[in-house]
Amino acid sequence: MKRLLWKGLWIQVIAVALSASPGLAQSKTTVLADADHRKALSLDGDWHYIVDPYDGGLYNFHREIRTDGFFLNGAPETGSSGLVEYDFGKSPTLKVPGDWNTQHDSLFYYEGLLWYERDFRYQPVAGHKTFLHIGAANYKSIAWVNGQEACRHEGGFTDFDCDVSASVHGGRNFVVVAVDNTRLADGVPTLNTDWWNYGGLTRDVSLIDVPAQYIDDYDLHLNRERTAIEGSVHVEGAAAGEEVTVSLPELNRSVSAKLGADGRAAISLPAAGVEWWTPEHPRLYNVRLQAASDRLDDEMGFRTIEVRGTDILLNGKPVFLRGISIHGEAPLRGGRANSDQDAATLLGWAKELGCNYVRLAHYPHDQRMTRMADRLGLMVWSEIPVYWAENFGDRAVLAKAEQQLQEEIRRDRDKASVVLWSIANETPLTPERTAFLKTLAGDVHGLDPTRLVTAALLVRTEGHDKYVDDPLGAALDVIGMNEYIGWYEQLPQDADTTVWHIGYQKPLIVSEFGGDAKAGLHGKPTQRWTEEYQASIFQHQLPMLAKIPQFRGLTPWILVDFRSPMRQLPGVQDGYNRKGLISNHGEKKEAFFILQKTYREWANDGVSSVVPVQPVTGTNERTRAPAPAQKKVARPGE
Ligand code: GCU
């Protein structure tokens with residue numbers, strides 16, 4: 001009887017998709033550092049797909065994992081013995097990289113399991129290892145090569161690598177990836193997000209060849225004193241005592257060190273003559289890492305970032321972060337961003353706005369964005385999607401967040417542009433949540449003591465008094481806060497009489513403020529949804545913020561209108577969050593030019609020189625003569 005009962009329970013447990021199946025625990029994936037500079041066979045292109053809302057390709061009618069599932073890539077014609085009721089070869093295709101939602105109307109709202117398959121020709125190098133590299137698969141995925149399971153992964157926005165050395169062979173091979181973007185209460189992110197739940201293999205997929213002993217992780221950074229490039233290099237599979245060499249060929253400088261028992265060698269290279277990376281001078285160096293049988297080249301900048309009191313110091317000097325928030329959505333064409341062109345357009349607009357900094361919200365973006373930020377000179381706030389009401393009491397959820405943090409830091413620790421790791425956005429004030437996030441803050445400091453930890457906190461309001469006193473602030477290096485005076489609360493002009501009480505003598509970044517406007521919709525500045533109303537929010541917010549003593553940066557919400565399932569106002573939102581300064585068709589709204597003008601002034605004369613509020617006249621006047629500057633208040637970087 002007990003057995004049957006157990007079986008009964010078993011069936012219930014697995015009655016939901018790929019995502020919650022205990023039989024399908026996460027299996028070994030890693031993140032190869034600098035994977036985008038590795039020799040690789042790209043698997044991007046057209047992949048066959050099968051939509052499988054009932055997960056029939058994975059489970060039998062008793063919800064037990066099939067042994068003859070779609071991962072075998074069976075085909076009826078081949079006369080294989082079993083009854084095969086699918087055929088990838090005859091199935092339609094999807095582009096990889098790419099979300100499935102914007103490729104076929106029938107998949108626009110699809111949330112569930114979808115199978116990908118493609119063939120590839122490959123010749124493994126004898127004695128080498130082969131990794132299947134997946135730039136991102138939203139949300140949960142299992143990969144098989146030639147019918148053999150390679151790995152399973154949870155998390156839709158971080159790269160991962162699976163060792164497929166045992167499965168690949170010379171000649172024709174095939175890879176099958178099952179991806180399920182079902183939203184989960186215990187997922188990271190959880191059930192509701194103000195962004196579209198794009199599913200699929202949303203970033204590059206490739207096969208990476210590495211020697212048997214290979215460099216898989218390293219940390220090279222300018223030390224606090226800016227006298228040396230320090231850190232360590234890890235060589236997987238190498239013996240203690242073997243040597244690694246790190247060199248900067250342009251400076252004709254190199255250092256060698258021996259690996260310890262843990263396969264890691266400590267590195268220290270004199271930094272004399274190294275030009276420090278700054279937004280104004282984003283100097284990158286070719287960095288070569290050489291181990292016994294492996295060599296890796298990276299493109300890196302060197303700078304220090306730290307906090308002193310309420311100042312953020314870049315290379316020891318106070319800096320003000322003029323930024324904008326950005327979602328990982330492709331400009332103009334929509335869907336997930338994943339190309340150099342997407343990165344160039346988005347970050348190009350940020351530069352045009354006068355930014356020296358961007359917030360990549362609310363999840364790690366495609367590596368092309370952080371590489372481009374390195375080159376264009378934009379400091380980066382990078383974030384894991386611990387967003388709104390996560391299941392903070394669940395240790396498994398903490399483990400998922402920690403895994404995403406490790407993967408994010410492992411991939412982007414070589415990016416000079418990345419200066420802030422954000423661990424959360426707008427999370428509720430509960431003891432479990434604060435404990436959960438304090439753990440994550442500690443993890444960041446443990447994983448990467450060279451950067452700053454932050455989070456986007458909510459603000460407590462009492463009338464016109466606003467308090468930033470979230471207990472989590474104590475664990476952060478930099479306080480981020482989101483406030484929506486003039487949109488979700490009060491009117492734009494209420495910013496003029498708002499009194500801020502910042503509970504921490506730490507740098508404050510206003511990580512979000514703003515309001516929706518439909519591009520081309522004009523009217524009185526008191527009329528919501530018009531460009532003038534959005535502009536009015538900015539005109540009242542900027543002077544207000546400039547008066548906050550701890551104010552050291554901002555990333556208004558948001559650069560471009562983006563898709564959200566939560567925005568349904570017909571004729572205005574139509575499935576888009578319209579808080580962009582630029583529409584999804586590339587139209588710049590009034591507020592774009594107001595912020596651009598302010599950033600130009602702040603860059604030239606410092607934060608306090610903003611012009612006083614001027615009534616918006618409803619016409620797109622961009623040539624308004626600036627009012628005389630207000631009394632100058634000392635600010636960092638001035
Ligand atoms: C929140 C949230 C964003 C959201 C924005 C909005 O602050 O962090 O993800 O899009 O507000 O409501 O527009």
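**View 1. Strand β1 meets strand β12.** Three bridges hold β1 to strand β12 (residues 205–210), and the two run antiparallel. Strands here are DSSP E runs of at least two residues, helices are H or I runs of at least four, and both are numbered from the N terminus. Two strands count as paired if DSSP finds at least two bridges between them. Look for S42, which sits opposite S206 in β12. Before you go on: this is a predicted model, where local features need pLDDT of at least 70, side-chain atom pairs count only at pLDDT 80 or more, and totals for chains, interfaces and linings use all residues. Residues are numbered from 1 along each chain as its sequence is written, and side-chain values use heavy atoms, leaving out hydrogens and water.

**View 2. The open sheet that β1 belongs to.** Four strands line up in the order β1-β12-β5-β9, with antiparallel pairing. At the edges you'll find β1 (40–42) and β9 (160–163), each pairing on one side only. On average, neighbouring strands of this sheet are turned by 25 degrees against each other, direction ignored.

**View 3. Strand β7, wrapped up on both faces.** Six of the six residues of β7 (residues 140–145) are buried, so the strand is largely enclosed by the rest of the structure. Buried means under 20% relative accessible area, with exposed over 50% and partly exposed in between (1.4 Å probe, protein chains only). In a regular strand the side chains alternate between the two faces of the sheet. Here K140, I142 and W144 are on one side, S141, A143 and V145 are on the other, and all are buried.

**View 4. The two partners of β7.** Strand β8 (residues 148–154) pairs with β7 in the antiparallel sense over six bridges, and I142 has R152 as its bridge partner there. The two strands make a hairpin with two residues between them, and N146 in the turn has a positive phi of about 50 degrees. Strand β10 (residues 171–180) also pairs with β7 in the antiparallel sense, over six bridges. In β10, W144 is partnered by V176.

**View 5. Inside the largest nonpolar core.** A nonpolar core is a set of buried Ala, Val, Leu, Ile, Met, Phe, Trp, Tyr and Cys residues joined through side-chain atoms within 4.5 Å. The largest one has 84 residues, and I324, V386, I423 and L440 touch the most other members. Helix α6 (residues 531–546) supplies the largest share of this core, eight residues. Zoom in on V386: its contacts (heavy atoms within 4.5 Å) include V188, F392, A401, I423 and L440. A second, separate core of 29 residues includes Y110, Y116, F120 and I134.

**View 6. Helices α4 and α5 side by side.** Helix α4 (residues 395–412) packs on helix α5 (residues 431–447) at an angle of about 25 degrees, with their axes 11 Å apart. Axes are lines fitted to C-alpha atoms, for helices over the stretch in contact, and angles run from 0 to 180 degrees between N-to-C directions. The two helices are therefore roughly parallel to each other (under 35 degrees; over 145 is roughly antiparallel, 65 to 115 roughly perpendicular, and the rest oblique). Among the residues in contact are V397, A401 and L405 of α4 and F436, L440 and V444 of α5.

View 7. Helix α2 (residues 340–353) and helix α3 (residues 367–376) pack at an angle of about 45 degrees, with their axes 9 Å apart. That makes α2 oblique to α3.

Notes
Lists of a residue's contacts leave out its neighbours within four places in sequence.
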